[in-house]
Amino acid sequence: MTTKRKLGNLRAKSAGREGQPYKQHEACYTPCVKAFTYIAILLLTPVVHGQTTPPDTIFVHGNILTGAHLRTDDSSPTPAKVAALAIADGKIIAASTDAEVLKLKGPKTQVIDLNGAFAMPGINDAHTHIGEAGRQKLSVDLVGVHSLAEMQQRIRTYVATAKPGTWIEGGGWDHTLWSDGNLPSRADLDAVTAGHPAIFRRVDGHMGVANSAALMAANISASTPDPAGAKIDRDASGNPTGILRETAANALVFSKIPPPTIEQRRIALTAAISDIVANGVTTVQDNSDWDDFLALEELEHTNKLPIRVGEWIMFDTPLDVLKQRRASHPSDDLRLHLTQLKAYMDGSLGSRTAAMDEPYSDDPGNSGLPRYQQDKLNQMSAERAMAGFQLGFHAIGDRANAMALNAFGVADQVATLPPAPAGKGPDAYVVTKAESGSIPPPGALRFRVEHAQVLLPGDFELFEKEGVIASMQPAHLLTDMKWATDRLGPERIKYAYAWKSFLDHHVVLAFGTDYPVELINPFRGLYSAVTRMNEAGTQTFQPQEKISLNEAIYAYTQASAFGEFREKVKGRLEPGFLADLIVLDRDVTTASPQELLHTKVLRTVVNGETVYTASSTKPGAQK
């Protein structure tokens, strides 16, 4: 990949200068100190000493992590921890001592006593699929099945109450959890589906298994060619086994299934959202169907959307339709907004469809399935970036990541900035304005690679040079570490799930879960990030790539907000920021790694309103 820009354009040239990036790694920050301090003083001083409108809510007697000083260079006057917060109109107006904040109390102010409980900014999950998560909850949920027999039993139980002739769907199975590691087949499904057409997605969404009735409905036979960028597995006689790899193959079946209604989508989304708030997540950045977004709009309009959502649109959608969809919803809506365009460069390591530069170590004839030709990808990327769209590309394998970086290097030559709402907070890393001329610097475009799991050694520097965000899911390592080395071999594995290497190269690292591929629980991700051990504590994976807890919390809050152009209003509990916070049953900043895994959410607050409380919760008593 070539680019006209020099790396120096992305680096700081003097303190406080516009265009200067903030460095996420604790040892590598060079912040705009003067500007940051000035803004923070403006925000803090009046609200504590001169607030004229009483707050709606005050939290007192807390152990509250504000998000300030997670980076060692953070010069905010707000302490790293405070005892009390005051909230008005959905925003923080004071963060200080109990005595100072209680001075603001009015006759109608609700005071909530945290009784010493730990609170922190709400989690901003940078990568979810909540539409699929909800539908999976309402169909055959195969998450966590440890054998083919258990998978069959769950399907059999569901089928027993299904109406005749209806399609049976579900997902979440993972054959790598099974003792034999064998893939299920159509014959395995035929035995338990009672003639219903049926298809079940693998946990990663990049593979499905269909029964004979579903294959027949989709006209998939021995003579059916593999779709571009996909594969139909076949037995020794050439007949389909039922395994369909990647979207184009699965779409042959899913195109025959009646789509869910908007009401069914609302029900599914509501089920997923209940799970989300119970796990302390206040924002999701989401890749669901367009019709799911329309259902989310209806939830918002009826005041039934308790979280914030940044929804993605599919990259392959025609450009004129993309523009229409972008224009259909206000870009400054802080509850629900449209963000990046999502494209898939490849599949997954678990399915061996991630596009690799060299063949898989445990499958020498297979290098994965790239989904684009580079020239076509570059052309489409440039067109969409010129139209002001943020780009976010799924890339797992090293070849796929190189493809994404190549396309970004072309697109950033012609790009215009996506819209960003005004806010009082500081930019997290780069000021989203060009230093000169009409073309913004690459880092200001906030192009993203989703997953970035395996890189060629030289591509870390390209991430830095292009200012590309690495949007990663640390919980994937908990699932993948038992087989990842077999897939990649001893050399490539050194450049896999490489969180510290990204931070060492000053790359913005945003964290999410990929829910429902992994549980929405962010504390598994924190554990994984700081230990790189399995949940039993018996296996360690490339420990040189561990990061600190502060860095991991930052990636789950402020850096993920940066990834959606919202870092001026999300991710910190400081005056001027949205009042999105969570109360936990332990102080995660002092908990042991194993204790992190068992963290429970006691209260979730979005826009100053409590949207979840745990049963039998003591902290958070109202006065």
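Author: Let us begin with pairing: two strands pair if DSSP finds at least two bridges between them. Strands here are DSSP runs of E with at least two residues, helices are runs of H or I with at least four, and both are numbered from the N terminus. This is a predicted model, in which local features need pLDDT of at least 70 and side-chain atom pairs count only at pLDDT 80 or more, while totals for chains, interfaces and linings use all residues. Residues are numbered from 1 along each chain as its sequence is written, and side-chain values use heavy atoms, with hydrogens and water left out.

Reader: What makes E13 and E14 a pair?

Author: Three bridges join E13 to E14, and the requirement is at least two, so the two strands count as paired, and they run antiparallel. One of the bridges sets Arg234 against Pro240 in E14. Five residues lie between the strands of this hairpin, where Gly238 takes a positive phi near 90 degrees.

Reader: How do you know that E12 and E14 pair, and in which sense?

Author: Strand E12 (residues 207-210) and strand E14 (residues 240-245) are joined over three bridges in the antiparallel sense. In E14, Ile243 is the bridge partner of Val209, and Met207 stands opposite Arg245.

Reader: Why are E9 and E13 said to stand at the edges?

Author: The open sheet has six strands in the order E9-E10-E11-E12-E14-E13, with mixed pairing. Strand E9 (140-141) and strand E13 (231-234) each have a single partner strand, so one side of each is left without a neighbour in the sheet.

Reader: Why is E14 called largely enclosed?

Author: Buried means under 20% relative accessible area, exposed means over 50%, and partly exposed lies in between (1.4 Å probe, protein chains only). Five of the six residues of E14 are buried, so the strand is largely enclosed by the rest of the structure.

Reader: What makes Gln285 buried or exposed?

Author: Gln285, which lies in strand E15 (residues 281-286), has a relative accessible area of 0% and is therefore buried.
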